[in-house]
Amino acid sequence: MSRALVLHLGLIAVLFAAAFLLPAYHHGNLARIMVLAVYAMGYNILFGYAGLLSLGHAMFFAAGMYGMGLTVRYWDWPMILALPFGTLAAAALALLVAVLALRTAGVAFMIVTLMFSQAGFLVILYFNPITRGDEGFVIPQAARRLAGLDLSDPMNRYLAALVLFSVVLLACHRLVLSRLGRVLVAIRENEERARLLGYDVWAHKLGAVVLSGSVAGAAGAAYGALFGSVGASFAEVPFSILPLLYVLAGGAGTVIGPFVGTAFMFYLRDLAGTVTDAHMLVAGAALIALTLFARRGLMGLVRARWAGWLP
Amino acid sequence: MEFGPHLILALLEGLVQASVLMLTALGLSLVFGVMRVVNVAHGEFFMLGAVLAHVVAGWFGAHPALGFIAALLLAPPLVALAALAFDRTVLHRLGHDPERTIVATIGLLYVIQQLTLMTFGPEARPVTAPFNHRIAIPWIETTAAGLSFYFPWGLSTTSYKLFVVVAAFAASAGVWLMMARGRVGLVLRATQLDRETAQAFAIPVHQVYGFVFALGAGLAALGAVLVVPIRQAHYLMGGDPLLLSFIVVIIGGLGSLRGTVWAALLIGMSDGIVSVFFSPTLAKILATLLVALVLVYRPGGLFGAKPA
């Protein structure tokens, strides 16, 4: 067993133990952090490994959330169908966006994803009678059941979040050590050279966008199911910036970085909440500080200093 | 009101909006053209201009005209100074790298917005226009008795709105003159064409960048000061100008000033007209998708000569 696998399994074990040890407040926080970390891990596949900076991931998160929420609300689908449906909806949207947006690169790619995401947010507002627009809607407690378990119960919720988190963490671990992951890094480092070596750059990037969007969508569907609310604010621009912030803070291109970054920013914001209500101030200041002083993020720093083996 | 007068009114409102948009978008276009970076905080510089206008006008409360003139003279330079400080302390140290600059300006966007919320508050606050005469507009109609000439009720504009249009066009002409004629423009265009060669010819490229970033922010603030007597100052008012400026700069061709001016007039006018006749949300959806597709299929913009 490699050191990296030990580290990742160890993190999962610690989180499992924490389920029974933490006080209620942090227990609830950690459940939320794990789901948001899944979102950030999805973002990291594209940004950290393929080197594509998207400013529109909220549309994938929202596609998963609304794909799940609307089928439950209007057709009474059970969670076992609604959650995969949300993920599929996000994957389909990601495929569509990728086909168009991958014709551009660099700054244009950022703006195109931002624009598509903004259009998605406006679509949710436009279909206000169905989506309930800004207000959003609540997933009734009776519908929040999976395999006979009540997901609104704090312990079940925590464990469900942990299962999703573990699956995605280990999948990311597999991915970055696989051929596909290594080709993505090659594309990030030097696209021309990767093409020269005979790799189909476009197809790999397409795969990265779809995979990244699907994971973000799964996080969105799970967030709605576990915390019971669906709303347009999850499709807004600031919600696209958050995973970028989490990944930058934790370390882009590290498997464990998104979780570290999410937890770090979540608690930083929590602390700042005692001083001011303007919580995005912390996010903004952190973004500037990170681009200035810590480009590689916390785990990037750890990798550079102590642990070169960190995937 | 009938369709004809209604359309004239929509055109007038659209012209006011278009002229302010032209100033704001020119700022964004200059920054993109010369520095090759996207300033996501551009809308917040606009908002800061409006908020400072309210604050400055408050200092000279005696007479609305005095307060407005003070705001017009003070607010844009103050915003430009703030932008210059950010360029010196942050962007300069990032080497104006395009992707890191976007991330840093996203950070700046939230810092400015939230600091304004904490100090200025969540209320929308007005600035009194220095003069505001109602100007009725005549309309000609053919009736049984021949041509009749009358003033339809509601078809009017104000002297201040006309002033906004004139001032915005004058300022834009100033920018164009500076870029096309003066020595400053020569230096800016040289930097835009080829940063390294410009540096080799002893042009202080990083000082030029600081100047351009400040100028872009100042133009956005100027647009905001002009518009704040019509619309109130609010800490979230930067979103729409940012989105519209983006649209204008992309449609007009990234970095092309002439394209920016035409696109601002086209989009400002059509936005004014469309929002009179259609649902504003639907109009925004279509506009955003259109821009994304233009960027995908015509990266040089609709007015740009050739794709870059």
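I count two residues as in contact if their C-beta atoms, placed from the backbone, lie within 7 Å. The model I am working on is predicted.

**Entry 1. Contact between the chains**

I applied that cut-off to chains A and B. The contact takes 31 residues from chain A and 32 residues from chain B. Next I asked which elements of chain B give two or more residues to the side that touches chain A. I found α4 (98-119) and α11 (280-297) of chain B. Of the elements on that side of chain B, α4(B) gives the most, with 16 residues. I then sorted the side of chain B that touches chain A by class. I got 24 nonpolar, four polar and four charged residues.

**Entry 2. Confidence in chain A**

I looked up pLDDT for chain A. The mean is 88. I also noted that 99% of the residues of chain A reach 70 or more. Which elements of chain A have the lowest and the highest mean pLDDT? Strand β2 (residues 145-146) of chain A has the lowest, at 80. Helix α10 (residues 201-227) of chain A has the highest, at 94.

**Entry 3. A:F264**

I picked one residue in chain A. A:F264 lies in helix α12 (residues 257-272) of chain A. Is A:F264 buried, exposed or partly exposed? I find 17 other C-beta atoms within 10 Å of A:F264. Buried needs 20 or more and exposed needs 12 or fewer, so A:F264 is partly exposed. I listed its contacts, leaving out residues up to four places away in sequence. A:F264 touches A:A249, A:G250 and A:L298. I also checked A:F264 against A:V72, 192 residues apart along the chain. Their C-alpha atoms are separated by 33 Å.

**Entry 4. Helix α8 of chain B**

I moved to chain B. α8(B) has 23 residues. From its first C-alpha to its last, α8(B) reaches 33 Å, close to the 33 Å expected at 1.5 Å a residue. I then looked at burial. In α8(B), 19 of the 23 residues are buried, so this helix is largely enclosed by the rest of the structure.

**Entry 5. α6(B) against α8(B)**

Two packed helices are described by the angle between their axes and the distance between the axes. I looked up both for helix α6 (residues 183-193) and helix α8 (residues 205-227) of chain B. Their axes come within 11 Å and cross at roughly 110 degrees. α6(B) and α8(B) are therefore roughly perpendicular to each other. I listed the residues that meet. From α6(B) I have B:V187, B:L188 and B:T191. From α8(B) I have B:V205, B:V208 and B:V212. By class, this contact has five nonpolar residues, one polar and no charged.

Technical notes
Residues numbered from 1 in each chain as written. Chains lettered and ligands numbered in written order. Predicted model: local features only at pLDDT ≥ 70, side-chain atom pairs only at ≥ 80, totals over all residues. Axes fitted to C-alpha atoms, helices over the stretch in contact; angles between N-to-C directions. Helix = DSSP H or I, 4+ residues; strand = E, 2+ residues; numbered from the N terminus. Parallel < 35°, antiparallel > 145°, perpendicular 65-115°, else oblique. Nonpolar A, V, L, I, M, F, W, Y, C, P; charged D, E, K, R; others polar. pLDDT = per-residue confidence, 0-100. Expected span 1.5 Å × (residues − 1).
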